[in-house]
Amino acid sequence: MSKLLGFSYFRFRHLVVLVLILAFVSGLFLVTSLSFLGVYRSFNAYLGEEEAVIAVYDKQSRTPFTGSVPAYLADKVCSVRGVFASSPETLSPCIVGGQSIFVRGVLPDAFLKLNNISLVEGKVLNQTDFGSVMLGKNLADRLKLAVGDKVLVLAVLVDRYFEFEVEGVFVSGSSMDDEALVPLYVGQWLRFADYYHVTLIRVKINPSLVSSEEIYLELAKYAQTSPASSASSNSSSQPSSYQSLLPFVSMNFVLENLGVKNAQSVMTNYLNRYGVTKEALVVLSVLVFLFSSLTVTVASQTLVRQHKEAFETLRYVGASKRELKLDVLLKLLPLSLIACSLGAAITMAALFWFEGYSSLTILSHGLFFSFDPLVLVLNFVLVTALVSVSVLRADFD
Amino acid sequence: MLSLTYKILLRKKSTTAAILALALLVAIISSMYSIVNFINSQTTAFGQLRNVGNQYLVLSKNCEGLSDSHLNRIPVNILKNCTEIKSAYIQQVLEGTLQTTTGKRPVFVRGVENLSAYLKAKPSYVNGTVAANPSEANLGVLLSKACHVNLQECVNVSVGSAVLDLKIVGFVRSQGQLDNEVLVSLETANMLASDGDVSFIEFSFKDGVNRQETLDGLSVLLPNDVEVVKVQQTAAFLQQANGEILNFLSVWSLTVYFVVAAASYVVSTRLTVESEYELVTLKAIGVKRRRVFGLFFSYTVVLALVGAFLGLAFGVVGTQVSSTVLKWFWQGVLVEPFLEPVQVGQILILSIVFSAVGCVYPAFKSTQRSL
C-alpha cells in the first residue's frame, strides 16, 4: 500500500473538475450505448417479449413488415396441442395527417388473447368495423386525435386510401402504443392483392407442451399435400363470424420460405441481417469512448501539472516516481467510481427525458430504454483503465 | 507583444494534443452523420426509383376525411381540360345508414360519375352488373356478407332525412375500401345529399407525362382552398423515416458537444497552468486583464476551429477508409459516406460555440493571477 496515502495534497476544486470531466465522458459512453441498445431492444420486443410467443413468418422477406404468409395456417396452428391462440396480423406503413404511422390489421378476439391492452377511451374494435380504427395512446397524442375523429389514411405499399373513424384509444405498455389497430381485412387492403395472406402469424403456446420446431413440422404437412382451393373447415379457435364473411382458403406454399421461431428471435434475425447486433453496438460505443479518451488523458495530466509543487516536495523528501504514481492512482480510483455514478445519473436523467417528454421516434415508434448492468460495469472498467494509463504515463519529474 | 505571446502559446507542446482531443470528438459526430447520410440517400433513391403510384386526389384543404371534403365545379372543369390526365372520376362520399332485412348499419355511400369505367379502372371484380340507373346500387363484398344481402335484393339507404330504396345489382370486390361501401351513380348520391356537390376527384396521369410539372401547373390553376394529394406516399414515408434518424442523431450529438465544452475547459486550464511565466510577464508590463482574457479565449477558439476542421476530415475520411476495407472482405458492400454542406457548417459552428463556452471560466481565471 502507498506510504503517501496520509498526505492529502490534491486541492478539492481541482478534483471536482476532474470528476466532472470523467462524468461527462462516462455519460457520453452510457448515453451512446444505452440509447443504441434501447433502440435495438425496442425493435426486438416489437412482436412480443414473452418466451411463450412465437411467430410464423416469411423467411424471404427483407423486413418484418413486408412478409407474406398464407392466412389459413393460423387455423392449422390452433389445432396443435399446447397452442392457446393464434393471431394472424398484417403490418403496413401508412401516412396519416402528414405523419408516418404503422397500421396493424388484426382479428380483435384472437389478438386480445395474445396482448393485454387497456382501453383509455371509446370501445374495442369489432372485426366487422371496417370503417373504424383503434389508436395506441402515444399515437393518438402525437396525431392529436380522439374518439370520434375522422382520419384519411394514405397507404405506402399500395395505391389505396381510406377514411376511418377513431373508435377507441388503448394502452398496452409496448411498442403497439405507437400503432393503429384495424380489422384484419382492412390491414389486407393496405398490403396485399387478396384476402388470403397476412404478414405473419403470432402464436401463444405452452412451452412445456409444444415447441416452435413441433409447430413447424405440423405446418410442413400442409406444404407437402396439394390442397385444392376450397374453404377450410372451421377451426374451433376462430370466431365464426369471421369465417362466414370470407373464409381463409387453403393454398400451396413453399415450406423453405416459412419460418417458425420465438418472436424476439425473428426480430433479432432481421436486425442481424443488416449487421445490427448487440455486440456491434457495444463496440461502436467503446469506439466513441476511445475517441473521447484523449480528453481524459489531458485532464489527468493537467491535474498532475496543477500539483507540480506538491510532487516536487514529495520527491525531495524521498518519494520515488513509482510511489507517487501509485499514490495518485489509489487516490483517483475512488473518484473514478464517483464519476461513473455521476455519469450514470446524468444518463438516467437524459434517457428519462428522451423516453417521456421528447417526440423522438424511430420508424414511427417511440423509444424504450433500460439500464444494462453489463454496460455500467464496462463503463467503470473503461474509465478506470483510462485514468490509470493517464496517471502512469504522466511526467512526475 | 501580444502577437508574440500568441505565437509562443501556439507553439507549446500541449497545442497538438489539445487540437487532437477536440478533433477526435468532432470526428465522432462527423462519422456518424456521414454514415447516416449514406443510408438515407439509399432509402430516398429507392423511394424515387420509379414513379410509384399513379393515383391522386383533389380534396378541399384541411378536411378531416373524404366525407368532409366539398368541392365546387371549378376543379372539375380544370381537370377535365387537362390533356395530361388519363382519367378523372368525380365522387361524392356520404355517411349514411343501410337498412336491410337483418337490421341497420352505418355505411359510406360513394357516388361516382361513370361508375362502370371507375370499377374497371380500379380494377375490381363485379359479381352481377354495375348499377346503371338511379334506383340501382352495388354493394362491397364484405358489406354484403356482413349484412347478409343477396343479389337483386332491395335495401333502404338513408342520408340524413333523404331515404332511397335501391336494388342491389352487383357485389364489388376490389381489395380496398369499396368492399365496405354502397356504390351508386353520382346522380343517386346527389339525390341522397339533396345537393349537386362533389366530395373529391380521383385522377391519374397518362404514361410518359412529367407528373411534377403537371402538378405544379395544376396547383396554379386550382383554387386556394383545394389541394392535390398523392395516394401512395412511399417517398414521404421514407423521408420521414430518414428525418427521425437524423433527429435522434442531432439529440445524441448534444452529449458530444458537452464533452467538447469539457475538453475546451481542460485545454484552457492546462494552458493557464503551463503559461504562468508568460502571464506574469504580461501583467508586469501592464497588459490589461481584458486583453489577457481575449488572448486565452481566442487561443482556445482557434484551436477549436482547427480541431473541428480536422475532426470533420478524420470523420469522413475514416468512414470512407473503413468502407473500402469492408468492400475487400464483403464483395458487393458499397458504402459511400458523405456530409452535407449544411451539416458541415452546423458541426463547425456548434463545436466553436461549445468550445467558447467551455473556455470562458479558465480564461477569466487567468486574468486573476497576481504578480
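1. Kink in α12(A). The model is predicted. In it, α12(A) bends by about 25 degrees at A:L332.

2. Span of the same helix. Helix α12 of chain A covers residues 321-356, 36 residues in total. At 1.5 Å a residue it should span 52 Å.

3. Extent of the A–B interface. Chain A brings 66 residues into contact with 66 residues of chain B. The area buried between the two chains is about 5600 Å². Carbon and sulfur atoms account for 67% of that area. Which three residues of chain A supply more of its buried area than any other three? They are A:D159, A:Y161 and A:E163, with 14% of the area that chain A buries against chain B.

4. Polar links across the interface. The rule finds 27 residue pairs in polar contact between chain A and chain B, both residues of each pair being at pLDDT 80 or more. It also finds three salt bridges across this interface. The side chains of A:K150 and B:D68 form a salt bridge, with 3.2 Å from N to O.

5. Make-up of the chain A side. Helix α1 of chain A, residues 12-44, gives the most to the side that touches chain B: eleven residues. By class, the residues of that side divide into 43 nonpolar, 16 polar and seven charged.

How values were computed. Residues numbered from 1 in each chain as written. Chains lettered and ligands numbered in written order. Predicted model: local features only at pLDDT ≥ 70, side-chain atom pairs only at ≥ 80, totals over all residues. Heavy atoms only, no water. Helix = DSSP H or I, 4+ residues; strand = E, 2+ residues; numbered from the N terminus. Expected span 1.5 Å × (residues − 1). Bend = angle between axes of the 7 residues up to and from the residue. Contact = heavy atoms within 4.5 Å. Buried area = accessible area lost by both parts, 1.4 Å probe. Salt bridge = Lys/Arg side-chain N within 4 Å of Asp/Glu carboxyl O. Polar contact = N/O pair within 3.5 Å; in protein donor to acceptor, adjacent residues only side chain to side chain. Nonpolar A, V, L, I, M, F, W, Y, C, P; charged D, E, K, R; others polar.
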